[in-house]
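User: Hi! I'd like to learn how to read the features of a fold, step by step. Could you walk me through this one?

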Amino acid sequence: MSSDETPPYWLLISVLFSSQPLTPSLAMTLHQTAYELHERGEGAKDVAGDMLSGKVRNLRKDVALGGIAGPAFEADIETERGSGVVRFILTRQGLEMMRQQPATPPRPKYLN
């Protein structure tokens with residue numbers, strides 16, 4: 001994988017529960033916010049975008065589900081489909097992949 005490619009979201013997070021279907025964009029937004037919380041050791045962070053607002057909380061514990069393990073997070077979100085809750089973990093594989101990327105992430109590609 002080249003440095004300008006983003007790993008697929010299913011390698012980065014494992015969703016334990018979601019009251020709404022997750023789009024790849026929503027999953028990546030939750031992942032990025034949770035990754036920042038994990039790396040900084042912070043407890044919570046607001047998240048916002050064109051079709052999303054809410055808060056991601058670091059549950060400050062590791063969980064394991066079969067062969068997948070990692071730090072646990074919970075998000076309360078508002079999307080165009082209404083409000084919802086997402087509980088997920090950052091996978092160990094995903095954490096390692098993120099740590100191997102360059103320090104400055106590539107600029108997001110947005111359409112105006």
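User: Let me begin with a detail: in strand 4, which residue is the bridge partner of Ser-53?

Analyst: The partner of Ser-53 in strand 4 is Glu-78. Before we go on, note that this is a predicted model, where local features need pLDDT of at least 70, side-chain atom pairs count only at pLDDT 80 or more, and totals for chains, interfaces and linings use all residues. Residues are numbered from 1 along each chain as its sequence is written, and side-chain values use heavy atoms, with hydrogens and water left out.

User: Thanks! What secondary structure does the chain have?

Analyst: Helices (H or I, at least four residues) and strands (E, at least two) are DSSP runs, numbered from the N terminus. Here there are three helices and five strands. Along the sequence they follow the pattern α-β-α-β-β-β-β-α.

User: In which order do the strands form the sheet?

Analyst: Two strands pair if DSSP finds at least two bridges between them. In this model the five strands form an open sheet in the order 1-5-4-3-2, with antiparallel pairing. Its edge strands are strand 1 (13-18) and strand 2, each of which pairs on one side only. On average, neighbouring strands are turned by 30° against each other, direction ignored.

User: How many bridges join the strands, say strand 3 to strand 4?

Analyst: For that antiparallel pair there are 11 bridges. The hairpin of strand 3 and strand 4 has two residues between the strands, and Gly-66 takes a positive phi near 65° there. Strand 2 (residues 44-48) is joined to strand 3 by five bridges, again antiparallel, and these two strands form a hairpin with three residues between them. One of the bridge pairs is Lys-45 with Val-56 in strand 3.

User: How many residues are in the largest nonpolar core?

Analyst: In soluble globular proteins, nonpolar side chains tend to be buried together. Buried means under 20% relative accessible area, exposed over 50%, partly exposed in between (1.4 Å probe, protein chains only). A nonpolar core is a set of buried Ala, Val, Leu, Ile, Met, Phe, Trp, Tyr and Cys residues joined through side-chain atoms within 4.5 Å. The largest one here has 19 residues, and those with the most contacts inside it include Leu-30, Val-56, Phe-73 and Phe-88. Two or more residues come from each of helix 2 (24-40), strand 3 (52-65), strand 4 (68-79), strand 5 (82-90) and helix 3 (92-99). Helix 2 gives the most, with six residues. Not counting residues up to four places away in sequence, Val-56 touches, among others, Leu-30, Leu-37, Phe-73 and Phe-88.

User: How many aromatic pairs does the structure hold?

Analyst: A pair of aromatic rings is described by the distance of the centres and the angle of the planes. Rings of Phe, Tyr and Trp (its six-membered ring) pair if their centres lie within 6.5 Å; planes under 30 degrees apart count as stacked, over 60 as edge-to-face and the rest as tilted. The structure holds one such pair. Phe-73 and Phe-88 are stacked, with 5.8 Å centre to centre and 20° between the planes. Phe-73 lies in strand 4 and Phe-88 in strand 5, so the pair ties together parts that are 15 residues apart in sequence. Both Phe-73 and Phe-88 are buried.

User: And Thr-91: is that residue buried or exposed?

Analyst: Thr-91 is buried, with a relative accessible area of 8%, and sits in the loop between strand 5 and helix 3. Its C-alpha atom is separated by 5.4 Å from that of Ile-13, 78 residues apart along the chain. The side chain of Thr-91 also reaches the backbone oxygen of Leu-11 at 2.5 Å.

Definitions and conventions: Contact means heavy atoms within 4.5 Å. A polar contact is a pair of N or O atoms within 3.5 Å; within protein, one must be able to donate a hydrogen and the other to accept it, and residues adjacent in sequence count only if both atoms are side-chain atoms. Axes are lines fitted to C-alpha atoms, for helices over the stretch in contact, and angles run from 0 to 180 degrees between N-to-C directions.
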